[in-house]
Amino acid sequence: MIATLVLLVVGLLVLVLQGALTTFLPAALCPDFVLLIVIGLALHVGGARALLVAALLGYAGDLLSGAPLGEHALLRVLAFGAARAANRSLELRTPIAQATLAGVLTLLQGVVLVGLAWLLEGRIPVDARTLAWLGAQTVLNAAFAPGVGMVVDAIASRAGEEEAPRRPVALGNGRRAP
Amino acid sequence: MRELLYRFRVPLLFVALVALTSATLAADRRSLRTLRPGRDDLSTVPAALLDIAVPLQGLLTAPVDLARGLVRRYVALTGLRSENDALRTRLSELEDENLQYREALLESAHLDRIAEVRSELELPMLPAQVASRDLSPWYRTVLVDRGREHDVRSGMPAVTEDGIVGLVTATSPHAARVMLLLDRQSAVDVMVQRSRVRGIVRGLGSDELELEYTVRGEDVQVGDMVITSGLGGVYPKGLRIGEVVSVSAAGSQLLQRARIRPAVDFGRLEQLFVVLWRSPTLELLSGDTDVPGPTSAPPRP
């Protein structure tokens with residue numbers, strides 16, 4: 001519980017910091033740290049509380065940006081779900097795997113955003129500038145993902161919030177010991 | 001049953017959250033059509049978040065601004081290293097003085113232009129600092145450090161001495177969100193200053209705007225200045241939007257389109273002015289009589 005709250009507060013602070021960064025850096029050069037925290041939550045914490053934190057961070061993102069209410073929240077929840085699903089079938093604890101996942105999720109997030117714009121506004125808002133931004137974000141998010149994952153892992157471990165370890169599998173030959 | 005629910009709590013919560021956020025999103029389709037003056041004031045929790053975030057962002061950017069100032073100063077002085085100490089000191093003093101004079105001159109010109117715009121508009125204006133921008137390229141909004149406590153209301157225009165910046169779309173007690181002209185949801189009723197041809201300027205999400213709904217053959221030329229017509233029910237008349245950079249009418253289309261370069265440099269937007277005025281249409285819709293309107297505007301300070 002404490003780790004979840006700490007991660008929520010850290011996530012909100014990062015959201016504010018991210019906004020401040022955009023005043024002196026081009027938006028394309030600012031990594032989406034909140035998405036990386038959500039991926040970290042999915043990979044290192046898991047569970048219902050972490051999912052709620054992801055949704056709350058998305059909701060806060062909606063309030064601080066010009067996006068319609070619910071858009072970032074939906075994206076964060078979907079990102080969490082996708083990262084969890086990927087983590088079930090793939091080994092995503094290595095930095096390269098996490099970087100790849102962050103890159104793929106950034107691209108998918110872009111696709112979902114375009115789809116939402118098409119659904120809600122009836123047009124597809126993609127131009128060269130948007131594609132350049134998406135490319136830059138993908139690379140930056142991939143680069144920062146392992147570091148952010150480590151931080152999330154450290155916070156969760158310190159407060160003992162990491163999800164219950166998977167049940168150990170007995171590697172015997174099936175015979176009972178005498 | 002309870003055990004089953006507990007076992008599948010994460011997938012169930014996931015589905016519930018996806019449904020909830022999708023429903024919220026569908027209900028909150030942000031558009032000028034849904035601008036609800038007076039009702040776009042954020043509720044307690046979101047307003048508190050905005051009120052905390054904006055000053056915090058100001059605090060976070062302050063050391064960076066300071067560092068940038070120091071770096072600029074350092075870069076300006078590195079060329080003088082080869083000079084002897086006495087000359088270097090003297091030169092540095094003179095340069096500092098010169099910089100201050102130049103800064104004062106620029107400031108003076110800046111203030112002159114602001115005064116000019118103020119006298120043109122004859123409306124009360126409130127200066128506000130930009131605290132943050134949108135990270136996503138799909139939305140072009142900024143947060144500013146003035147809110148309801150300073151009489152800022154949704155529906156009020158934001159300007160600089162160069163022209164229109166955008167429109168206040170949400171407010172909290174100490175902060176407000178301004179949708180820039182560049183946003184895809186932005187639409188302004190305008191006219192070409194020279195020929196008085198009317199049209200609608202829309203944001204493209206990029207750094208340019210588009211003039212729409214002008215009939216093919218109407219007098220719109222490259223270099224024309226586009227200003228607000230005052231008829232859209234949002235912006236006062238005569239505010240600068242930008243300059244026409246190209247005109248096109250593809251094939252047999254009845255209407256022509258023109259690309260507009262905004263008068264405001266949005267990339268360097270640090271300060272803006274919220275015009276403490278709402279059009280009669282918005283006033284009527286909001287029923288909010290304490291907001292300075294065209295009939296109740298106090299004399300210009």
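**Entry 1: the contact between the chains.** I began with the place where chain A and chain B meet, and I find 40 residues from chain B and 38 residues from chain A in it, taking two residues as in contact if their C-beta atoms, placed from the backbone, lie within 7 Å. I note at once that this is a predicted model, in which local features need pLDDT of at least 70, side-chain atom pairs count only at pLDDT 80 or more, and totals for chains, interfaces and linings use all residues. Residues are numbered from 1 along each chain as its sequence is written, while chains are lettered from A and ligands numbered from 1 in the order in which they are written.

On the side of chain B that touches chain A, the largest share, 10 residues, comes from α2(B); α3 (44–78) and β1 (125–133) are among the other elements that supply at least two residues each. Here helices (H or I, at least four residues) and strands (E, at least two) are DSSP runs, numbered from the N terminus. I sorted this side of chain B by class and got 20 nonpolar, 10 polar and 10 charged residues, where Ala, Val, Leu, Ile, Met, Phe, Trp, Tyr, Cys and Pro count as nonpolar, Asp, Glu, Lys and Arg as charged, and the others, Gly among them, as polar.

Entry 2: I looked up chain A next and recorded 6 helices and 0 strands. Of its 178 residues, 47% count as buried, that is, with 20 or more other C-beta atoms within 10 Å of their own C-beta, all placed from the backbone. The largest nonpolar core has 107 residues; such a core is a set of buried Ala, Val, Leu, Ile, Met, Phe, Trp, Tyr and Cys residues joined through C-beta atoms within 7 Å. Helix α2 (residues 33–45) of chain A gives the most to this core, with 11 residues, and the core also draws at least three residues from each of domain 1 and domain 2 of chain B. A:Val38 is one of the residues with the most contacts inside the core, and I traced its contacts beyond four places in sequence to A:Ala54, A:Leu57, A:Arg76, A:Ala79 and A:Phe80. A second, separate core of 5 residues includes A:Ala67, A:Leu116, B:Trp138 and B:Tyr139.

**Entry 3: the domains of chain B.** The assignment, which is automatic or from a database, gives domain 1 (32–180 + 268–287) and domain 2 (187–263). I find 18 residues of domain 1 in contact with 14 residues of domain 2, and β4(B) gives the largest share of the domain 1 side, 3 residues.

**Entry 4: strands of chain B.** I followed 6 strands that close into a barrel in the order β1-β2-β5-β4-β3-β12, with antiparallel pairing; strands pair if DSSP finds at least two bridges between them.

Strand β7 (residues 198–203) is joined to β8 (residues 209–215) by 4 bridges, running antiparallel, and the bridge partner of B:Gly203 is B:Leu209. These two strands form a hairpin with 5 residues between them, and B:Gly205 in the turn has a positive phi of about 85 degrees. I also noted 5 bridges from β8(B) to the antiparallel strand β11 (residues 255–262), where B:Glu210 has B:Arg259 as its bridge partner.

Conventions:
A residue is buried if 20 or more other C-beta atoms lie within 10 Å of its own, exposed if 12 or fewer, and partly exposed in between; C-beta atoms are placed from the backbone.
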